[in-house]
Every structure is written in structure tokens, then in C-alpha cells.
Amino acid sequence: MQVSSLNEVKIYSLSAGRSLPEWLSDRKKRALQKKDVDIRRRIELIQDFEMPTVSTKIKVSRDGQYIMAVGTYKPRIRCFDTYQLSQKFERCLDSEVVTFEILSDDYSKIVFLQCDRFVEFHSQHGHYYRTRIPKFGRDFSYHYPSCDLYFVGASSEVYRLNLEQGRFLNSLQTDASESNVCDINPVHFLFAMGTVEGKVECWDPRTRNRVGLLDCALSSVTADTEIDGLPSISALKFDGALNMAVGTSTGQVLLYDLRSSNPLIVKDHHYGLPIKSIQFQRQLDLIISADSRIIKMWNKDTGKIFTSMEPEYDINDVCLYPNSGMLMTANEAPKMNIYYIPVLGPAPKWCSFLDNLTEELEENPESTVYDDYKFVTRKDLENLGLAHLIGSSLLRAYMHGFFMDIRLYHKAKMMANPFAYEEYRREKIRQKIEETRAQRVQLKKLPKVNKELALKLIEEEGEEQQLTRKRKQKNLPSLLKDDRFKVMFENPDFQVDEQSEEFRLLNPLVSKISEKRKRKLKILEELEAQEQEEEEEPEGKASDAESSESSDDEKGWVEEVRKQRKLLRQEEKVKRQERFKEDQQTLLKPQFFEIKEGEEFRSFKDSAKKQKLMKKTLGDRLKLEEKLGTLSVSDTTVGSKQATFKLKK
């Protein structure tokens with residue numbers, strides 16, 4: 001049994017673990033259970049709860065005693081008796097089942113819609129009757145007051161088959177080209193069908209008239225959703241008299257109130273896969289929606305996720321056992337999954353021991369399977385001299401290493417390293433030294449870059465902590481511990497230049513405060529050096545830094561700004577004088593230019609004229625050349641222009 005937890009909701013997978021083959025004898029099964037931990041710890045809730053290849057649909061009878069599932073291959077139905085915790089019967093069919101419905105409270109009346117247009121009826125003893133509908137069907141619903149079966153599929157018509165009279169009635173003509181799903185409200189028996197065009201049509205079975213039309217495709221597209229193509233309706237489910245949930249082929253679930261054409265809430269699965277099943281959990285007001293990859297449980301009022309499950313194989317159908325916390329799925333795998341979620345409700349009465357089992361697991365959490373094993377790499381095995389055990393039963397391969405028995409590991413380590421006691425003694429001495437060091441004054445390790453800024457932040461943080469303690473507020477995160485500002489204390493490019501003009505003018509009093517910090521930095525560096533040399537300090541020594549503090553901070557910041565301005569002017573004057581001396585020392589040399597081949601040098605004015613001419617537009621250049629006589633433009637008889645020009649020498 002596997003246990004997973006999401007949003008503090010525990011989910012117990014009862015079908016996890018390997019299943020034993022049927023042909024094994026009881027003696028071999030017992031021997032395997034003794035050897036293999038996985039087989040010993042598994043829970044087989046219902047014996048042989050599986051299909052040969054794939055299971056497609058799963059349902060529970062109204063009395064809760066029978067669980068029925070259909071699958072392949074060969075196409076078949078299996079009925080499981082929960083009171084006996086085993087399979088009751090199995091029947092093979094001629095073709096695959098699209099969907100089925102249990103008409104009675106138990107297994108005595110079942111209807112199957114098959115992929116070859118046949119509708120097959122089964123009674124308690126087996127096959128009873130078989131008929132055919134005109135078009136391929138995709139879903140059907142049973143109307144209890146009139147005993148009518150409503151079939152929808154690859155047609156614009158809804159076929160009606162009356163089981164009391166034993167004949168087809170006039171079909172309902174819809175506006176849809178094809179329909180995917182249908183459902184009948186259990187309170188007022190309103191018939192609803194989901195179409196390929198993304199619409200839901202509602203019909204009144206009493207008058208056989210359409211009473212409503214919902215455009216779900218338009219409502220499913222919100223600002224956050226991205227869809228490819230037109231969403232069609234893939235799932236439909238009523239809840240009570242007024243609520244209806246609709247699932248689309250693009251992975252959205254829409255919850256409607258029948259009195260409004262706008263959805264109350266739109267929930268996106270974010271996988272872009274068609275919604276396969278929708279179930280309602282009324283005790284906690286949850287909606288359980290599933291596509292082929294994930295089962296999501298969310299609050300129908302707020303849309304907040306309650307929990308979710310991602311099985312190993314693709315999901316075909318989901319069934320919630322009534323009035324309990326048990327959930328069953330039909331998958332693209334032989335084994336059908338059973339999940340138990342205690343938060344949703346108690347275990348069914350036929351497996352009430354699950355409640356006691358889960359309570360014991362929560363009170364006494366068991367150790368994991370590998371608590372008695374040690375993980376070692378290939379290098380560790382070579383160091384221990386156990387490399388020759390690779391491939392034997394003493395080592396179990398796992399990821400980039402192996403699991404071995406912890407007792408074997410300790411024995412091998414004792415033999416490989418006989419001086420382990422000396423290492424243990426050294427480690428204990430080192431721990432004692434560390435404990436005595438912890439009793440000393442703890443030094444603040446400052447970063448390599450911006451030490452003064454880091455010291456300033458530490459001082460401010462200490463002051464803020466005192467204030468927050470008095471006001472009983474939450475402490476704000478420190479900049480030194482924040483990853484976003486980590487580079488500022490590691491990269492030398494972020495070093496604050498205190499000699500720059502901007503820094504000195506914007507921070508006139510920083511110079512006085514920085515003197516104190518520089519003194520503190522010197523003291524800290526000296527202490528760090530002493531710590532590295534492992535020299536013991538005489539206790540009770542007074543520090544000179546605190547006693548030498550003066551009251552220079554009381555001077556006005558205006559005088560400090562004036563002093564800084566004077567200093568900056570003097571520095572600028574010195575820099576100008578240095579530049580002037582450098583300019584006098586430099587000698588100007590004449591520059592020579594070469595003329596390209598094939599060009600004559602007339603004067604510098606021609607080049608200037610050429611540059612001016614090149615800046616002008618094409619029209620201005622043509623007019624200038626027309627005036628100079630190098631270009632002539634004339635009209636022709638056809639109506640076009642003719643231009644003749646002379647090449648320059």
C-alpha cells in the first residue's frame with residue numbers, strides 16, 4: 001500500500017504492489033511472501049480486480065454490493081461481489097463496449113452500447129436480447145418514468161427505445177451535426193446532450209421539445225486559457241435539480257446553474273486533454289474531474305484545489321463509491337486502481353478494516369523499506385574491498401549505486417579500517433574543542449566585497465530587531481541572506497566607490513560614521529587572525545573602540561557639504577594642471593593622406609561639395625544636374641519620361 005499526500009490530504013493506493021500469478025501454488029505464494037517485502041505488504045482488497053489488457057468503464061450497482069467493469073481483450077464484462085471480495089461472474093461479448101448502464105439495483109438488468117451499433121441487454125442468467133441503432137452510438141441515458149433509452153452518437157438525431165413497449169419511438173431532431181455525451185437529471189428528468197460544436201441542448205422528455213441551449217465553447221475560453229480548435233463537449237453530469245458540470249475536449253470544466261447561461265466557475269486542467277469523467281462529492285462540496293492523465297478534486301464554490309492524483313497509466317473512467325472515501329479507476333493497464341481517501345468519507349462497510357488500518361498508520365508511521373540498508377557507490381565498494389559482490393544477491397542496484405545490508409557494511413568497514421577508533425577519538429576531541437569555541441564571543445564573518453556596507457546592514461538589523469521585539473512585529477528578511485542581493489557582496493564590480501563625487505556629496509556625514517566602522521573592521525580582522533592562529537585571548541579585556549567614541553556627529557551636515565565641495569574643487573584643479581602639463585609635453589605631428597587611384601585632387605572644397613550633394617534627395621540632385629546640363633528630361637509620345645545624361649570624365 002502506497003501513501004501519498006498533497007495539500008495535507010492523505011491518499012492510500014490499495015492496488016499498489018506486484019500481483020502474484022494465478023498458476024502459482026499456495027506453497028510458492030507463501031514462500032514469495034516471506035522473501036519479498038513488496039508482496040508481503042500489499043493489500044489485495046478484491047481478488048483478481050483486473051482485466052486481461054485494458055479496462056474502459058467501471059460502475060457500482062445502486063445497492064453497493066456489485067462492482068462491474070468492462071474491458072478487453074477479448075471484450076468482456078466482469079462483476080465483483082464486494083461481500084465476498086471476489087469475482088462473481090465474467091461474460092465475453094462479441095464486440096467492444098462503448099458504455100454500459102445498470103438498470104436494476106443489482107446485476108440482474110444491464111444494457112451495453114457496443115462499437116458496432118448493437119445494443120445488448122443482459123439479465124441475471126446472461127444474454128437476453130440484441131438490437132441495432134441506425135448510427136454509431138457514443139453514449140446513452142435511461143429515463144426511468146417512461147422506460148426510454150436515449151441514444152446519442154454520430155447523427156443529428158437522438159434515438160429513443162422504449163423498453164416497456166419493446167420498440168423504437170420517434171427520434172428527437174437536434175441542430176447538432178453529432179453528439180458525444182448525454183445525461184438525465186435525477187430530480188426533474190431534464191435530458192441534456194453535449195454536441196461536437198461545443199453546445200449543450202436541453203430537452204423536456206414530456207413534450208419532446210428543446211427548452212434550452214448553452215454555448216459552452218464560448219464560455220470556456222477565458223483570458224488565461226489557450227486552446228487549439230473549437231472545444232467540443234466530452235463529459236456531462238447533473239448535481240441535484242439546478243447544477244450541471246460540463247467538460248470540454250480542451251481540458252476545461254464549467255459549472256452551470258440551470259437558471260443562468262453564464263458559468264459559475266471555469267476550471268482548467270492545464271493539460272489540453274479531453275475531460276473523461278465528472279463526479280460530485282456532496283459531503284465536502286467537491287467536484288472530481290478527470291482527464292487521461294490526472295484526477296483533480298476542487299471546491300465547486302471557490303475552485304480551490306483540494307487534492308489531485310496522477311496514476312502511472314492513462315485513465316479511462318473514474319467511479320466514486322457512494323457515501324464513502326473510496327475511488328476506483330479504469331486504466332490503460334490490466335490492473336484497476338483503488339484509492340482510499342479518509343477525508344472524503346469512511347470506508348465502505350464491506351472493508352471497514354481500512355479505517356483501523358489507516359488510523360494505525362497515522363499513529364505509528366512505519367520505517368521505510370530501506371532503513372536497514374546502506375546506500376553505497378561503486379567507489380565506496382572498492383574502498384571497502386567489496387567490488388566482487390556486484391551482481392550478487394547481497395547488493396541491490398539502485399540509481400548510481402547499490403543498497404547493502406547495514407550489518408555487512410559495518411563489518412566490512414571494521415575490517416577495512418582497523419584504526420577507526422583513532423578516527424573516532426579525534427572526532428570526539430574536535431567536537432569538544434568546537435563546544436568550547438562556541439562559548440566564546442561569536443565573530444561576525446563579513447563578506448570580501450562591501451565590508452562596510454555589510455557591517456552597516458548588520459547594525460541596522462540589530463536595531464530593527466530590538467524595535468520589533470518591543471512592538472511585537474514580524475522581523476523583515478535580511479539583505480545579506482537574500483539571494484537577489486548576494487552578488488553585491490561577492491562580485492568586485494559592485495564595490496561602493498567612496499571617493500566618487502556623487503557618494504561624497506549625497507552622504508556628507510558618512511565619512512564620520514565610516515570612521516567608527518573602519519575601527520570595528522580592524523578589530524574584527526584582528527580577532528579573525530587570532531582565531532586562525534588558535535591563540536587564546538585573555539578574558540575580560542576591554543576594547544578601545546567603544547571608549548574612543550566621540551561626539552563629532554553633532555556637527556551640522558551643511559559644514560560637511562561645504563568641506564566636501566572645497567575638497568572636490570581642489571582635486572579638480574590639480575587634475576586640470578596635470579592635464580595641461582601633459583598637453584604641453586605632447587608634440588603634434590603632421591598627418592598625410594593618400595588619394596585613391598583614378599581620382600584627381602582639386603581642392604578640399606570639392607569633397608565638401610560632394611558630401612553636401614550626397615545628403616540631398618534624388619529629386620534635388622536631378623534638378624541640379626539639369627541646370628548644369630549633364631542631364632536632360634523630355635516627354636515621349638507614349639506618355640512616359642525619357643532621361644539622357646553625360647558621364648563625367
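This is a predicted model: local features need pLDDT of at least 70, side-chain atom pairs count only at pLDDT 80 or more; totals for chains, interfaces and linings use all residues.

Colleague: What makes the pair Phe 140 and Phe 151 tilted?

Modeller: Rings of Phe, Tyr and Trp (its six-membered ring) pair if their centres lie within 6.5 Å; planes under 30 degrees apart are stacked, over 60 edge-to-face, and the rest tilted. Here the centres are 5.4 Å apart and the planes stand at 35°, so the pair of Phe 140 and Phe 151 is tilted. Phe 140 belongs to strand 11 (residues 137-143) and Phe 151 to strand 12 (residues 148-153), eleven residues apart. Strands here are DSSP runs of E with at least two residues, and helices are runs of H or I with at least four, numbered from the N terminus.

Colleague: And what kind of pair do Tyr 142 and Tyr 144 form?

Modeller: Their centres are 4.6 Å apart with 80° between the planes, and that pair is edge-to-face. By the ring rule, the count comes to nine aromatic pairs.

Colleague: Why is Tyr 142 called buried?

Modeller: Buried means under 20% relative accessible area, exposed over 50%, and partly exposed in between (1.4 Å probe, protein chains only). Tyr 142 has 14%, so the residue counts as buried. Tyr 144, at 39%, is therefore partly exposed.

Colleague: How do you know whether Asn 323 is buried or exposed?

Modeller: Its relative accessible area is 67%, so Asn 323 is exposed. Asn 323 is found in the loop between strand 27 (315-320) and strand 28 (326-331), and its phi is near 55°, a positive value in a residue other than glycine. Asp 48 also has a phi near 55°, but at 28% relative accessibility Asp 48 counts as partly exposed.

Colleague: What puts the charged end of Arg 91 over the ring of Phe 89?

Modeller: The rule asks for NZ of Lys or CZ of Arg within 6 Å of the ring centre and within 35 degrees of the ring normal. The charged end of Arg 91 lies 4.2 Å from the centre of the Phe 89 ring and sits over it. Phe 89 also joins Tyr 66 and Tyr 107 in a cluster linked by ring pairs.

Technical notes: Residues are numbered from 1 along each chain as its sequence is written. Side-chain values use heavy atoms; hydrogens and water are left out.
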